[in-house]
Every structure is written in structure tokens, then in C-alpha cells.
There are 4 protein chains.
Amino acid sequence: VHAVRIDLNADLGEGFGVWRLGDDERLLEVVTSANVACGFHAGDPATMARVCASAARRGVVIGAQVGYRDLAGFGRRFIDVPDAELQADLLYQLGALQAFARVAGSCVRYVKPHGALYTTAAVNAVQAGAIAAAVAGYDTTLPLLGQAGSELARAAEASGVPFVAEAFADRAYQPDGRLVPRSQAGALLTDPGVVVAQALDIVTAGRVGTVDGGAVAVAAESLCLHGDTPGAVDLALAVRAALEQAGVHIAPFTG
Amino acid sequence: VHAVRIDLNADLGEGFGVWRLGDDERLLEVVTSANVACGFHAGDPATMARVCASAARRGVVIGAQVGYRDLAGFGRRFIDVPDAELQADLLYQLGALQAFARVAGSCVRYVKPHGALYTTAAVNAVQAGAIAAAVAGYDTTLPLLGQAGSELARAAEASGVPFVAEAFADRAYQPDGRLVPRSQAGALLTDPGVVVAQALDIVTAGRVGTVDGGAVAVAAESLCLHGDTPGAVDLALAVRAALEQAGVHIAPFTG
Amino acid sequence: VHAVRIDLNADLGEGFGVWRLGDDERLLEVVTSANVACGFHAGDPATMARVCASAARRGVVIGAQVGYRDLAGFGRRFIDVPDAELQADLLYQLGALQAFARVAGSCVRYVKPHGALYTTAAVNAVQAGAIAAAVAGYDTTLPLLGQAGSELARAAEASGVPFVAEAFADRAYQPDGRLVPRSQAGALLTDPGVVVAQALDIVTAGRVGTVDGGAVAVAAESLCLHGDTPGAVDLALAVRAALEQAGVHIAPFTG
Amino acid sequence: VHAVRIDLNADLGEGFGVWRLGDDERLLEVVTSANVACGFHAGDPATMARVCASAARRGVVIGAQVGYRDLAGFGRRFIDVPDAELQADLLYQLGALQAFARVAGSCVRYVKPHGALYTTAAVNAVQAGAIAAAVAGYDTTLPLLGQAGSELARAAEASGVPFVAEAFADRAYQPDGRLVPRSQAGALLTDPGVVVAQALDIVTAGRVGTVDGGAVAVAAESLCLHGDTPGAVDLALAVRAALEQAGVHIAPFTG
């Protein structure tokens with residue numbers, strides 16, 4: 001029989017200069033795909049170099065975590081960037097990361113929007129289209145990582161770019177399969193038992209419990225973990241351990 | 001017989017956002033190599049995309065004009081950047097430009113430091129070494145463009161990176177072959193006749209007149225032109241016309 | 001009888017570092033109120049110092065042209081900045097300009113939002129409120145300059161901050177008194193005769209012609225002029241000359 | 001008899017956006033003077049607002065911690081900024097902080113250079129002069145805080161600006177009274193007993209032990225503490241407790 005298989009991705013290299021955010025080294029022991037910040041909302045060049053080198057050494061796949069040009073807001077504020085400028089901003093970040101991946105003996109294997117660009121790309125067809133167009137112009141075989149059913153998924157398909165769906169172990173789901181917005185109470189799951197159970201449900205059963213007590217089908221090739229607090233890394237480790245114990249094969253979605 | 005041959009390079013894409021500097025399109029009609037600003041001291045992503053597309057369309061070779069992270073000072077202020085950070089800053093810029101060159105159907109063919117990084121790299125072995133190391137780590141066949149006899153030339157040789165020497169038609173030379181510093185009177189040549197004559201001297205005779213009335217040998221594969229004023233572009237055009245009239249073969253140094 | 005009176009305001013100091021935009025010195029000969037860019041979307045510190053010194057020397061009133069933190073987009077892109085951060089961003093800019101005004105022997109006498117912040121403040125009550133709150137927290141006697149009937153006008157009133165309405169000589173008006181959006185054809189008036197006539201209409205008759213051939217009442221204490229092109233400065237000069245010839249008293253709205 | 005008296009100063013508000021550095025709230029319980037970062041090397045506007053409000057509430061004096069425009073390097077890299085630009089950069093930061101201090105019901109009471117600007121100002125007469133000139137142009141009664149015997153001290157005197165000398169409890173001193181450079185081993189004192197003893201020595205005896213086993217006289221109105229790690233805040237608390245136990249009056253130098 002076919003073993004169940006999942007990729008684990010997380011945001012890395014999200015410090016800037018003297019400032020650190022999360023424990024990149026510990027998180028690299030958990031994930032199979034590293035979304036490396038590319039300098040516009042986080043991630044100075046020296047950090048990018050360090051994270052790429054470490055990821056390559058450990059066999060972790062490198063992806064470009066692209067965002068709005070917004071260090072002050074960590075890319076969490078929607079910016080109404082015109083299409084051509086947004087495409088250029090994303091290409092710039094993708095190319096910059098590619099240099100560090102190359103020097104580390106690896107290469108950028110996927111692209112994932114960050115923060116407000118991620119949430120915008122889920123519902124805004126214009127910005128979703130700009131992201132897909134930027135990637136398609138660079139390399140039509142480079143996958144975009146995001147939410148199933150999003151505008152980004154549609155834009156990727158329209159542009160001929162592979163789309164990889166991810167799910168969340170630590171976010172509450174609505175009956176229609178969308179995430180409960182962060183602004184609502186209960187959006188974030190923090191109880192380790194609940195998070196681990198949701199991860200197992202998603203990966204092994206292809207479904208996730210919803211806030212109304214029901215469940216909804218979810219198809220995901222990757223599970224997004226968080227590591228921006230020490231507790232978060234412990235939780236990510238627990239999720240990985242539980243998946244392995246359940247016989248799940250943890251491996252990069254890039255194959 | 002062998003025709004004398006020279007490359008013409010100039011700084012391009014040095015605007016930022018709404019701000020423009022120089023006439024990129026007209027200058028692309030003059031040069032064979034475009035030093036494209038990479039975003040740290042000038043050159044926003046959309047400008048980089050536009051200049052790369054135009055350069056590729058015209059067959060102009062694309063080089064990375066790398067500089068200090070200093071938009072406010074246009075990269076003209078020395079910054080004491082630690083070695084590893086400087087290397088990472090340069091790789092970042094190089095990679096970013098590479099993405100635009102690639103999308104334009106071309107690629108980055110050389111690297112040239114800008115402003116204070118250029119003048120520092122001529123005399124500061126540590127920063128010159130960081131530049132050469134960054135390029136060597138990325139691609140040992142990628143040439144550095146700079147001044148003959150500089151620390152950068154030595155660092156390139158030590159790192160196994162090709163070095164291409166350039167000369168200046170519009171700068172006064174000292175008897176030892178170095179440029180008269182910009183801070184001194186007479187450092188910049190502005191008389192069109194003088195500039196054109198110096199260009200011809202350098203390219204066809206391999207020598208340049210010096211401020212003391214003598215002359216010194218100068219070996220250059222590229223001539224650096226300036227285009228940041230309308231008058232400068234006209235002068236660049238005059239230099240090119242005079243060289244062509246003298247039978248010089250104008251072609252990229254990258255061959 | 002009472003002479004008709006109007007203030008003339010324009011954006012100044014909108015360069016950044018080596019980049020220039022508009023001719024600040026010539027424009028300072030036309031206006032009575034200078035909207036000086038404060039560094040977030042344009043206006044480096046040395047430029048702010050120079051413009052404040054020149055404005056003070058000429059008796060031109062200094063106002064803070066505040067905007068989003070967006071050098072790459074010149075403040076023309078809407079940014080969804082949370083309320084507290086937007087207030088802090090505006091206070092920061094206001095305070096910075098105050099230092100230069102003080103050293104020039106003057107002080108900041110009003111605040112005017114720039115670009116996307118201006119257009120957002122006209123319709124978005126939250127951001128309009130943040131602007132008014134920032135000003136009110138700093139000095140409740142400091143006026144806000146903007147469009148009559150805007151959310152900003154309402155927010156100013158609610159915060160107890162004076163509001164000064166401006167009108168535009170070179171923008172087309174809709175029958176309801178609002179501007180034709182820049183994205184629509186005919187939004188900008190460029191014919192000098194038309195612009196001068198509209199200025200006279202607004203100032204002397206308190207009304208402005210609309211795109212449907214009608215007219216609408218407009219009450220303005222200030223007329224906004226533009227100076228980012230050489231032609232624009234000439235046009236501004238023509239408007240001022242026509243107003244003076246019509247017996248209008250040109251003076252700062254600050255009295 | 002006259003009680004011995006000392007000010008305690010520390011760097012605060014050195015985060016940026018989502019990134020934090022040090023525990024501002026705990027440190028504000030220790031110090032009498034807060035060197036608040038002003039946004040060029042650290043310190044976003046919302047952080048400045050928060051720190052000023054908290055400092056004002058606790059009666060801690062607010063000073064402007066000014067630095068080079070260098071978020072990526074935390075202001076720790078020397079930048080060769082031309083005199084007029086450096087003056088403008090400093091005025092900009094000073095004015096920005098002043099707005100937050102004002103809104104908090106306080107005002108900026110002194111200026112202290114940060115990082116590479118601090119160490120440069122100790123030995124570089126040109127940049128020291130620019131700092132003093134910026135402060136003098138703004139308010140000749142505003143003191144500069146720095147090292148005794150530095151170029152900054154001389155520049156302050158020449159500009160008619162008050163100068164306040166500080167000493168360090170956790171830095172090793174050379175026989176001539178200067179600090180052992182950070183690049184040398186043993187430059188930083190980390191043993192709590194040693195740091196507390198040095199603080200007592202400096203404040204109560206006006207002298208400090210030197211690396212050669214001797215001692216040198218040191219006159220300081222303020223003691224600089226550090227708080228960028230949890231351990232550092234504990235140490236700062238221990239220093240304050242020991243000084244209070246020794247009968248020292250802990251109070252702002254501004255009187």
C-alpha cells in the first residue's frame with residue numbers, strides 16, 4: 001500500500017539585522033520546506049545567506065517567502081501596489097534568494113506569499129494574478145504554495161504554474177473550509193493536544209474539524225507550522241513526532 | 001590587421017520610484033554594456049525590469065551595478081560594512097538583477113561596484129576582497145569591472161575572478177595613472193573636444209594625457225561614459241561617433 | 001468693502017537624496033503656504049532643512065505634508081496601516097519637520113496629507129480619524145488642510161482641530177463638488193486659459209464649472225497649485241498673476 | 001554634608017516594528033534617563049510613542065538616542081555622512097522624538113549619539129562638530145551626553161552646548177581613562193560582583209580600576225547601563241540597589 005505523505009513548511013529567516021524572530025536552527029530540524037524571508041518585510045541578506053546554507057546542509061527545501069515592501073509592518077499591512085510594480089517586487093525578492101540558494105549549493109524550489117500578501121492573494125484576483133505572473137515569467141515549473149480554493153490557486157492555474165495546497169494544524173476552520181479570520185476569537189489553536197489531533201486528522205483522514213462542530217474535507221500536500229516563539233517550535237516538534245508515529249512519511253512536496 | 005576594439009559602459013536605471021536620473025533609453029543607444037543599479041543605492045524593481053528588457057532588446061550586455069545600502073546618499077558615502085554582511089549585500093543585489101535579466105531573456109554578465117564602494121574597492125583590500133569573494137562564490141567566470149591597478153583588481157585575481165579594466169574619457173589623470181580625485185579642481189573634463197580627444201587617445205594609442213602635461217600608458221577594455229545629464233548623453237554620443245569614425249570596433253568586452 | 005482673499009499652497013521638498021522633483025525655489029516665489037514633504041514618501045532631512053530655511057526667509061508658511069511610509073511608491077499606494085501606527089507615523093513626520101522649521105526661525109503651521117493618504121482620508125473614516133487624532137494630540141490649534149465635505153473634514157471637527165478647505169484650479173469637478181478621479185480621462189486640466197479661468201471662478205465667485213457643463217458652489221480658503229514640472233510652475237505663476245490682477249489678496253490662510 | 005548623586009541612563013525603544021530588543025518596561029524601573037532610539041538605526045514611531053508615554057508616566061527623563069540611517073546595521077557601522085547631511089539627519093530624529101515627548105506631556109532633555117556615531121564622535125572632530133552644531137542650532141541649552149575627553153566634549157564646548165560625561169560600570173578601562181575597545185578580549189565586564197564594584201568605585205570614589213591593575217580618575221554625572229538582555233536588566237537592578245544602599249542619590253542629571 002501507499003504510505004500517507006506530507007510536507008512540513010514554516011517561515012524562516014524572519015529577523016532583520018540585529019533583530020531576531022524565532023529559532024531558525026531548531027525549526028530547520030522540524031520542517032522539510034523552509035519559507036525563507038527575502039528582505040522586503042523581513043530577512044536581511046546575511047540572514048538569508050545563513051538560513052540557505054543551513055537548510056541546504058540539512059536537505060531542507062528552500063522556498064521564497066515573498067511579501068510587500070514593508071519592514072515597519074512586517075508585511076502584515078495590505079498595500080495597494082500596482083500590478084507591474086508588484087510583479088517586479090516579487091521577482092526582485094525571488095532573484096535575491098536564488099543567489100543565496102545557489103551559493104549554498106541549492107536553489108529556490110517554490111514561492112509562498114507572506115502576511116497581508118498571502119491573505120490578499122486568497123481573495124484579490126489582481127494581486128493573485130501579479131504573483132502568478134511574476135513566477136510564470138521566471139520559471140513556469142516553480143510551484144506556488146498557498147490555500148486551496150484561493151484566488152492564488154486560480155491564478156496559478158491560469159498562468160500554468162503548479163499550485164500546492166497547504167493546511168494549518170493550529171488554525172480554526174469554518175464549515176466552508178476557509179480559515180477563521182485572525183481577528184476573531186478562537187482563530188488560533190494553542191492547546192497542543194488539539195493542534196496535534198488536527199494535524200493527524202488533516203494528514204491521515206483528509207478532513208478537519210470546523211468551529212460549528214462539524215468537519216470539512218481538506219486536501220493538502222503541505223502542513224504549515226509556526227516557529228516564531230519557543231513554545232511554537234516545541235509544538236511543531238510534537239506535530240512531527242505524532243505524524244511519524246502514525247506512519248506518515250514526512251518529505252518535501254517537491255519530491 | 002586586427003581592428004582596435006572597445007566596450008562602452010555607463011550607469012543605468014539609477015532612478016528610484018517616481019524619481020528619475022538620466023535618460024536610460026537614449027543611453028542604451030550609446031553603450032554596449034549597461035551597469036544596472038540593483039536597488040540598494042538606486043534602482044527600484046520596476047526600473048530594473050524596464051532597463052533589463054530594453055537592454056536585452058537592443059543587445060546591450062547587462063552588468064550588476066552594486067553598491068552600499070544607502071538610498072539617501074546614492075551610495076556615495078563610505079560605509080564600514082563587516083565583510084560577511086557586505087558579501088551578502090552584494091549577492092542579494094546580484095541575484096535580484098539576475099531575475100530581471102533572466103525574464104528579459106538575458107543574464108548578468110559582469111559586476112561593477114558603484115560610488116563609494118567603487119572608490120573604496122580601489123584602495124581598501126578588505127572590501128575589495130568581499131566584493132571578489134561574493135562574485136567568486138556565485139560564479140567564478142563572472143568578471144569584475146573596475147580600475148587597473150586597484151585593490152579590486154588584485155582581489156579578483158586572488159579569487160580567480162576575471163577582471164576587466166576600464167578607463168575614463170571625462171576624468172583627469174595623474175602621472176601615476178590614477179584619477180584626479182573628484183574633490184580637486186579640474187577632476188572632471190567637460191569640454192567636448194577634450195573628452196573626445198582623450199577617448200581616442202585611450203582607445204587607439206593606449207595612453208592618456210596627465211595633469212602635468214605628460215602622458216601615461218593606460219590599458220582598458222572598456223570606456224566608462226556618463227549619462228546623468230542631457231548634455232552627458234550628447235557627449236557620450238559624440239565619443240562613440242568619433243571612435244567609430246576612427247575605425248574602432250565598438251563591442252561588449254564580454255565578447 | 002472686504003477684499004477677496006486666498007491662500008496658495010503647493011507641495012515642496014519632494015525630492016529624496018540625489019533625486020529632485022520640481023523646482024522648490026521658483027515655486028516658493030508663487031505660494032503662500034508650502035506643504036513640505038517629511039521623509040516618509042519623499043523629502044530627505046537635508047532637503048527639509050533647505051526648503052524650511054528658504055520658506056522662512058521668504059515669509060512662506062510651512063505646513064507638514066505627511067504621507068505613508070512608502071518611498072518606493074511616493075506615498076501614492078494605499079496602505080492599510082493600523083490606527084495607532086498611523087497616528088505615530090504622522091506624529092513622527094510632524095515632529096521631524098517642526099525641528100527644521102524651528103531652526104529656520106519658523107514653525108509648522110498646518111498639516112496636509114499627501115497622495116494616497118489624502119485620497120483615503122477623504123473617504124475612510126478610520127484613517128481620517130487617525131490623522132485628526134495625531135494632530136489633536138500634538139496641538140489642537142494646528143489646522144488640517146484638505147477637501148471640503150471629506151471624512152477628514154468631519155474627523156477634524158470631531159477632534160476639535162481647525163479644518164481649512166482647499167480647491168483645485170487644475171482638476172475637473174463632478175456635479176456633486178467632488179473631483180473627477182485621476183484615473184478618468186479629463187481629470188487633469190492642462191490648458192493654461194482653462195486653469196486660470198477656473199482659479200478666478202473659484203476664488204472670486206465661489207463656484208466651479210463641472211464636467212457636465214454645470215457649476216457647483218465651492219468654498220475654499222486655499223488653492224492648491226502644482227509645481228512638479230517646469231510648465232506647472234509657469235502655470236502657477238500665471239494663476240497668481242491673474243488673481244492679483246483681479247484684485248484678490250494673496251495671503252496665507254493662517255492669517 | 002552633600003550626598004553623592006548619580007544619573008542612570010540606558011538605551012530604550014531599540015526594537016523596530018515586530019522586532020523587540022530588551023525589556024523597555026523593566027528597564028524604565030531602573031534608569032533615571034532614557035536614551036530613546038529615534039527611528040534611523042532602531043525605534044519605529046509606535047515604539048517611540050509607547051516608550052515616551054511610559055517614561056513620562058514614571059518621571060524618567062527622555063533623551064534622543066540619535067544614530068546613522070542604518071536599520072540593517074543597527075547604527076553600528078561608521079558612515080561617512082557629509083557634515084550638512086549629518087546635521088540634518090540628527091535634527092530630523094531629534095524633532096521626531098520631541099513630538100512623542102510632547103504628546104506624552106514631557107520633552108526631550110538631552111541628546112546622546114548611538115553606536116558607531118558615538119564611537120566616531122569620540123575621535124572624529126568633523127562628525128562631533130556636526131552633532132554639536134545640530135543640537136546648538138536647535139536649542140543651546142540641550143545637553144549632549146557622552147564620554148569625558150572626547151571630541152564630542154570639545155565640540156559641545158565650542159558650540160556652547162552643555163556636555164554631560166558618563167561612565168560605564170560594565171566596560172574595562174585603559175590607564176588613560178579610555179575604554180578598552182569592544183574588539184579586544186575583556187572589554188566587557190560580565191561578572192555581577194565586578195560590575196557592581198566598578199559602579200560603586202566610579203560613583204563614590206570618582207575613580208575606576210584599569211586593565212593594568214591600576215586606577216584612573218573618572219568624573220561622571222551619569223552611569224550608562226545596558227538592558228538588551230534579561231540578564232542585563234537584572235544586573236542594572238543590582239547596580240542601582242548597591243548604589244542606593246551606599247547612600248547614593250539616584251536622580252536625573254538634568255536636575
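**Exercise 1. Which residue of chain C comes closest to the rotation axis, judged by C-alpha?** Work out as well how chain C is laid on chain B.

*Solution.* Keep in mind that this is a predicted model.

- Step 1: C:Trp19 is the residue of chain C that comes closest, with its C-alpha at 3.0 Å.
- Step 2: Compare the contact residues. Of those in chain C, 100% recur in chain B, and the same surface serves both copies.

**Exercise 2. Describe the interface of chain C and chain B by its contacts, its buried area and its polar pairs.**

*Solution.* Let's start with the counts.

- Step 1: On the side of chain C, 14 residues are in contact with 14 residues of chain B.
- Step 2: The two chains bury about 1,000 Å² between them, and 78% of this lies on carbon and sulfur atoms.
- Step 3: Sort the residues on the side of chain C that touches chain B: eight are nonpolar, three polar and three charged.
- Step 4: Check the specific pairs. The rule finds zero salt bridges here, but two residue pairs are in polar contact, both at pLDDT 80 or more.

**Exercise 3. Now treat chain A and chain B likewise, and explain why their copies meet through the same surface.**

*Solution.* Begin with the symmetry again.

- Step 1: Chain A superposes on chain B by a rotation of 180° with 0.0 Å of shift along its axis, at an RMSD of 0.0 Å. The two copies are therefore related as by a two-fold rotation axis.
- Step 2: Because 100% of the interface residues of chain A are also interface residues in chain B, the copies meet through the same surface.
- Step 3: Here 22 residues of chain A touch 22 residues of chain B. The buried area is about 1,900 Å², with 71% of it from carbon and sulfur atoms.
- Step 4: A:Pro45, A:Tyr92 and A:Arg102 give 33% of what chain A buries against chain B, more than any other three residues.
- Step 5: Two salt bridges are counted between these chains. B:Arg102 makes a salt bridge with A:Asp139, whose closest N and O atoms are 3.8 Å apart; the cut-off for such a pair is 4 Å. Four residue pairs are in polar contact.

**Exercise 4. Which residues touch the most other members of the largest nonpolar core?**

- Step 1: The core holds 328 residues, and A:Leu223, B:Leu223, C:Leu223 and D:Leu223 touch the most other members.
- Step 2: Take B:Leu223. Setting aside neighbours within four places in sequence, its contacts include B:Ile6, B:Leu8, B:Phe168, B:Ile202, B:Val239 and B:Leu243. B:Asp7 and B:Asn9 are also among them.
- Step 3: As background, nonpolar side chains tend to be buried together in soluble globular proteins.

Notes:
Residues are numbered from 1 along each chain as its sequence is written. Chains are lettered from A and ligands numbered from 1 in the order in which they are written. This is a predicted model: local features need pLDDT of at least 70, side-chain atom pairs count only at pLDDT 80 or more; totals for chains, interfaces and linings use all residues. Side-chain values use heavy atoms; hydrogens and water are left out. Contact means heavy atoms within 4.5 Å. Buried area is the accessible area (1.4 Å probe) that two parts lose on being put together, summed over both. A salt bridge is a side-chain nitrogen of Lys or Arg within 4 Å of a carboxyl oxygen of Asp or Glu. A polar contact is a pair of N or O atoms within 3.5 Å; within protein, one must be able to donate a hydrogen and the other to accept it, and residues adjacent in sequence count only if both atoms are side-chain atoms. Ala, Val, Leu, Ile, Met, Phe, Trp, Tyr, Cys and Pro count as nonpolar, Asp, Glu, Lys and Arg as charged, and the others, Gly among them, as polar. Copies are superposed by least squares on the C-alpha atoms of residues with pLDDT of at least 70 in both. A nonpolar core is a set of buried Ala, Val, Leu, Ile, Met, Phe, Trp, Tyr and Cys residues joined through side-chain atoms within 4.5 Å. Buried means under 20% relative accessible area, exposed over 50%, partly exposed in between (1.4 Å probe, protein chains only).
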